[in-house]
Amino acid sequence: MSSSKSKTVKSKSKRASPKSPGGGGASRSSGFLLTCDPPAKQFIIHLNDQKIADKKFIIEDLDSTHLLIKGDARDEISRKVDRWMDENVFSSIERVGENLDTS
């Protein structure tokens, strides 16, 4: 189901318009549809969980690879996911097994 991607987080501009409970005017907020693999999504949820209630950026958890996030959090999430990927994604080791001393 998943394939290797050089960039695991994608976002598309969407408008979220939750309805007011009283049936009055609907408030509108800007949001982004974030598409990522499940491990990256769990990291993003972890970032969100570390925030205080009024600073949380996840609007809705849609499925295993999609989140609706507040628009103003997009750059922060991208920066933190890039840093996390740099720390945790390893490329293949070159010349494994060469020049091993077997004596």
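Reply: Thr35 is buried, at a relative accessible area of 19%. Buried means under 20%, exposed means over 50%, and partly exposed is in between, with a 1.4 Å probe and protein chains only. This is a predicted model, where local features need pLDDT of at least 70, side-chain atom pairs count only at pLDDT 80 or more, and totals for chains, interfaces and linings use all residues. Numbering runs from 1 along each chain as its sequence is written, and side-chain values use heavy atoms, without hydrogens or water.

Thr35 sits in strand S2 (residues 29-35). Strands (E, at least two residues) and helices (H or I, at least four) are DSSP runs, numbered from the N terminus. The side chain of Thr35 makes a polar contact of 3.4 Å with the side chain of His66. Such a contact is a pair of N or O atoms within 3.5 Å; within protein, one must be able to donate a hydrogen and the other to accept it, and residues adjacent in sequence count only if both atoms are side-chain atoms.

Next, the hairpin. Strand S4 covers residues 66-70 and runs antiparallel to S3 (residues 58-63), with four bridges joining them. Strands pair if DSSP finds at least two bridges between them. Two residues separate S3 and S4 in this hairpin. Asp61 faces Leu67 of S4.

Now Asn48, in helix H1. Asn48 is buried, at 7% relative accessibility. A polar atom of its side chain lies 2.7 Å from the backbone nitrogen of Phe57. Beyond four places in sequence, Asn48 contacts Lys56, Phe57 and Ile58; contact means heavy atoms within 4.5 Å.

One aromatic pair turns up in the whole structure. Phe43 and Trp84 are stacked, 4.7 Å centre to centre with 5° between planes. Phe43 is in H1 (residues 38-49) and Trp84 in H2 (residues 74-88), so the pair ties together parts 41 residues apart in sequence. Rings of Phe, Tyr and Trp (its six-membered ring) pair if their centres lie within 6.5 Å; planes under 30 degrees apart are stacked, over 60 edge-to-face, the rest tilted. Phe43 is buried at 16%; Trp84 is partly exposed at 21%.

Finally, confidence. Mean pLDDT is 75, and 59% of residues reach 70 or more; pLDDT is the predictor's confidence in each residue, from 0 to 100. Residues 1-8 fall below 50, with nine contacts beyond near neighbours in sequence. Residues 13-26 also stay under 50, with 24 contacts beyond four places in sequence.
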